[in-house]
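The following exercises are to be worked through with the sequence and the coordinates at hand. Each task is followed by a solution in steps.

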Amino acid sequence: KDGLPTSLHLRLQLSTCSKEEKVQKPIPNTVFPSSHLLAVLILSVPELVRGKSVLEIGAGFHGIPSHAAVAAGCGNVLATDVDPVALHHLRENLSLATSKQEVAASAGQIDYQDSN
């Protein structure tokens with residue numbers, strides 16, 4: 001009815017960290033079940049994000065919910081993390097995801113644990 005497919009799927013080929021980086025900093029290098037669940041929700045109900053701005057906090061190296069938002073037709077997305085190595089991979093992954101999309105996607109560093 002609105003030109004979008006009735007079913008959205010997400011297939012990603014992600015840039016990832018080395019084994020050493022994963023051992024040193026496991027949190028930003030882990031794909032948590034909540035990331036998968038949020039991506040499934042976004043893809044199941046794309047009108048939640050379609051045409052809207054999306055902010056993902058603590059995206060890690062993958063930003064899977066951000067990728068889902070891009071696939072669902074969000075207006076733009078900002079994925080964030082505190083870890084510089086994770087941000088490097090996150091930027092690469094978002095660049096790959098948006099190379100064929102007309103969506104502004106960026107990654108930025110936010111230290112959400114800093115009280116200042």
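**Exercise 1: Helix 4**

Asp83 caps the N-terminal end of helix 4, with a side-chain oxygen 3.1 Å from the backbone nitrogen of Val85. Helices (H or I, at least four residues) and strands (E, at least two) are DSSP runs, numbered from the N terminus. The model is predicted: local features need pLDDT of at least 70 and side-chain atom pairs pLDDT 80 or more, while totals for chains, interfaces and linings use all residues. Residues are numbered from 1 along each chain as its sequence is written, and side-chain values use heavy atoms, without hydrogens and water.

Task: Determine the span of helix 4 and which of its residues are buried.

Solution. 
1. Helix 4 comprises residues 84–98, 15 residues in all. From first to last C-alpha it reaches 21 Å, close to the 21 Å expected at 1.5 Å a residue, where the expected span is 1.5 Å times one less than the number of residues.
2. Ala86, Leu87, His89, Leu90, Asn93, Leu94 and Thr98 are buried in helix 4; buried means under 20% relative accessible area, exposed over 50%, and partly exposed in between (1.4 Å probe, protein chains only).
3. Viewed down the axis of helix 4, the buried residues fall within an arc of 165°, so they line one face of the helix. The arc is that of the directions from the helix axis to the C-beta atoms.
4. The face turned away from the buried side of helix 4 carries the exposed residues Pro84 and Leu96.

**Exercise 2: Ser35**

Task: Is Ser35 buried or exposed, and with which residues is Ser35 in contact beyond its neighbours within four places in sequence?

Solution. 
1. Ser35 is located in helix 2 (residues 33–44).
2. Its relative accessibility is 11%, so Ser35 counts as buried.
3. Beyond those neighbours, Ser35 is in contact (heavy atoms within 4.5 Å) with His62, Ile64 and Pro65.

Definitions and conventions. A polar contact is a pair of N or O atoms within 3.5 Å; within protein, one must be able to donate a hydrogen and the other to accept it, and residues adjacent in sequence count only if both atoms are side-chain atoms.
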